[in-house]
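Hello,

Here is the structure I promised to pass on.

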Amino acid sequence: MTDHPAHRTYQHRRPSGRRRRAALGAVFGLLLIGLIAGTGLARDREGAPRAERTGAETLPFDLPSSDVLRDGPHLVFAHYFPPYPLSLDNQPAEHDYYARNYLTPEGEQGRHGAYGGLLRDRPQPVQPSSGDWRLANLEREVRTARDAGLDGFTVDILSLAGANRQRVDMLLRAARRVDPGFRIVLMPDMTSLHTDPRTLADQLARLAASPSAYRLGDGRLVVSPFKAEAQDPAWWGQVVARLRDHGIGTALVPVFLDFRANAERFAPISHAFSSWGNRSYTRQDNVPGDIQLAHSLGKKWMQAVSVQDARPNQGIYDEAGNTATLRSTWNHAISDGADWVQLTTWNDYSEGSQFAPSLHNGHTYLDISSYYLTRFKTGAWPEIVRDTVYVTSRIQFTDAGSASLQPRLMRPRPGTASPRDQVEVLTFLTAPATVAARVGTVPYTYRAPVGVYARDLPLSPGRTEAVVRRAGGTAAAVTTRYPARRTVTVQDLQYYAVSSGR
């Protein structure tokens, strides 16, 4: 049985001039400026933002070219959530809409005060720009995803009008401008779309006019509804029939919250199946059976791959086990025979599930994912050619009984792994080496083997550093940017990540 995430239909309200100065104050602004400076977002000599440049030296392996990665049947998409683009108002990051209204309990006139603010992380900040900055920022996201090896986005269609729908249209334009081979899968979100088959089909037909809307080799439009079981197969049959009236054949790829209960009844109208999946590393045992069932019904399978899930506004979180969930879901996709993968999600910051480069994680989760993506697509593990170390940890302890600015705390989702307080040192090594780590004031030394190796260490207050040494020299080193603390003002149970490669 899979989890049932409650997707939001929230659309941000444009801030009035009176509210522009109210939320964070000077202290938070100065702090955010310092954190942004630490992400390396200054421009290089060619004028391109450094965070966007993806030279080979940033990864432990050489990522194959797009031509190589796209030369095969396995596809990797990331779930794009329109409410959280790179910028909402084209303002400097220290006082933009994210800073003023989403990252503070006082934001949006106190609307999110009970749970300490809507978000705990944000997109990696971008500089304000002139011209059509909304389109330019979406183009940047397409480039980032493409350069990580992704084939495209599954875009969450939350509404048929308004700001979120406009971003769907603009994302299709951005993909076409950046890379005609980058695919956008249309994903009607059936937790928020309350409409009839004819209206939905007519709207999908308008979006399908874009060359970037993903079609199979036979010309069929791929439509992948989230929580497809919200409507029965007959209802979806009407959608397919109406699209046919527009001259559009359809390949339906339903994404279920409860796959086993719906597989057989949706099989006659579906091209492939998917499940939204689970965000705990201890609850992936159902994946082999799900894929086998899909294949036995003659359908392809799109596997959910995830990092973590923490939702302050819903009061729940999953125990991801540092990168254990990320590695487990990717390994299941590889070993159990998935046909496609959906990274869940690219940028849903209100669920804390983002792969996209963020203020707190940089590119780390996307970089790690590119390693497994290469194996999934090419059939061979890439050779590790650069020693790289990744460190993930929380910045607070799971047993904190209170947060001074947050009356309502998150609790573990029923059935998730037991909450834990661990630092994970994940090494990608060209040869065995000694790792010297310090968690707070506590030192650790161990021998790490060649290849990929994860070592868990107890979390202690303070920062963590990890140094990889070989033959008397330093092969790689990294220090976390955020210290772990016992006393907190706002509960934040996401895992933060850093990479020695960046």
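Below is what I found, starting with the whole protein and then going to single places.

**Overall**

Please keep in mind that this is a predicted model. The secondary structure comes to twelve helices and 20 strands. The protein has 502 residues, and 61% of them count as buried. Take the contacts with a separation of 6 or more: residues 24 or more positions apart account for 78% of them.

**The cores**

In soluble globular proteins, nonpolar side chains tend to be buried together. Here, the largest nonpolar core has 90 residues. Which of its members touch the most other members? They are L150, F153, W236, F273, W330, L343 and W346. Leaving out residues up to four places away in sequence, L343 touches V76, F77, A78, H79, L150, V305, W330, F355 and S369. There is also a second, separate core of 20 residues. Among its members are F397, V423, L429 and A433.

**Helix α10**

Next, look at α10, residues 287-296. Its buried residues are V287, D290, I291 and A294. Why do they lie on the same side of α10? They cover an arc of only 95° around the axis, which puts them there. The general rule behind such a pattern is simple. An α-helix has 3.6 residues a turn, so residues three or four places apart point the same way. Q292 and S296 sit on the other side of α10 and are exposed. What do the buried residues of α10 pack against? Their partners are β7 (272-275), β8 (300-305) and α11 (324-335). After α10 comes G298, with a positive phi near 80°.

H271 is in the loop between α9 (263-266) and β7. Its relative accessible area is 17%, so H271 counts as buried. Beyond residues up to four places away in sequence, H271 touches L216, R220, A251, L252, V253, K299, K300 and W340.

**Aromatic rings and charges**

The whole structure holds 27 aromatic pairs. One of them is F61 with Y371, an edge-to-face pair. The ring centres are 5.6 Å apart, with 70° between the planes. This pair links distant parts of the chain, 310 residues apart. F61 is in the loop between α1 (25-38) and α2 (66-69), while Y371 is in helix α12 (residues 364-378). Are these two buried or exposed? F61 is buried, at 0% relative accessible area. Y371 also counts as buried, at 7%.

Another pair is F81 with Y84, and this one is tilted. Here the centres are 5.8 Å apart and the planes 45°. Both F81 and Y84 are buried.

F61 and Y371 also belong to one aromatic cluster, together with Y372, W381, Y390 and F428.

Two arginines sit over rings. The charged end of R455 is over the ring of Y446, 4.2 Å from its centre. The charged end of R486 is over the ring of F397, 3.7 Å from its centre. F397 is one of the residues of the second core.

**Strand β15**

V439 lies in strand β15 (residues 433-439). V439 is buried, with a relative accessible area of 0%. Setting aside neighbours within four places in sequence, V439 is in contact with V423, Y444, L457, P458, L459, S460, R463 and T464. T480 is 41 residues from V439 in sequence, and their C-alpha atoms are 9.8 Å apart.

**Backbone points to check**

- The peptide bond from T344 to T345 is cis, with omega near 15°. T345 is in the loop between β11 (340-343) and α12.
- E108 is not a glycine, yet its phi is positive, near 50°. E108 is in helix α4 (residues 107-110). Its relative accessible area is 2%, so E108 is buried.
- A471 also has a positive phi, near 55°. A471 is in the loop between β18 (464-470) and β19 (473-479). At 85% relative accessibility, A471 counts as exposed.

That is the handover.

Best wishes

Notes: Residues are numbered from 1 along each chain as its sequence is written. Side-chain values use heavy atoms; hydrogens and water are left out. Buried means under 20% relative accessible area, exposed over 50%, partly exposed in between (1.4 Å probe, protein chains only). Helices (H or I, at least four residues) and strands (E, at least two) are DSSP runs, numbered from the N terminus. The arc is that of the directions from the helix axis to the C-beta atoms. Contact means heavy atoms within 4.5 Å. Rings of Phe, Tyr and Trp (its six-membered ring) pair if their centres lie within 6.5 Å; planes under 30 degrees apart count as stacked, over 60 as edge-to-face and the rest as tilted. A charge sits over a ring if NZ of Lys or CZ of Arg is within 6 Å of the ring centre and within 35 degrees of the ring normal. A nonpolar core is a set of buried Ala, Val, Leu, Ile, Met, Phe, Trp, Tyr and Cys residues joined through side-chain atoms within 4.5 Å.
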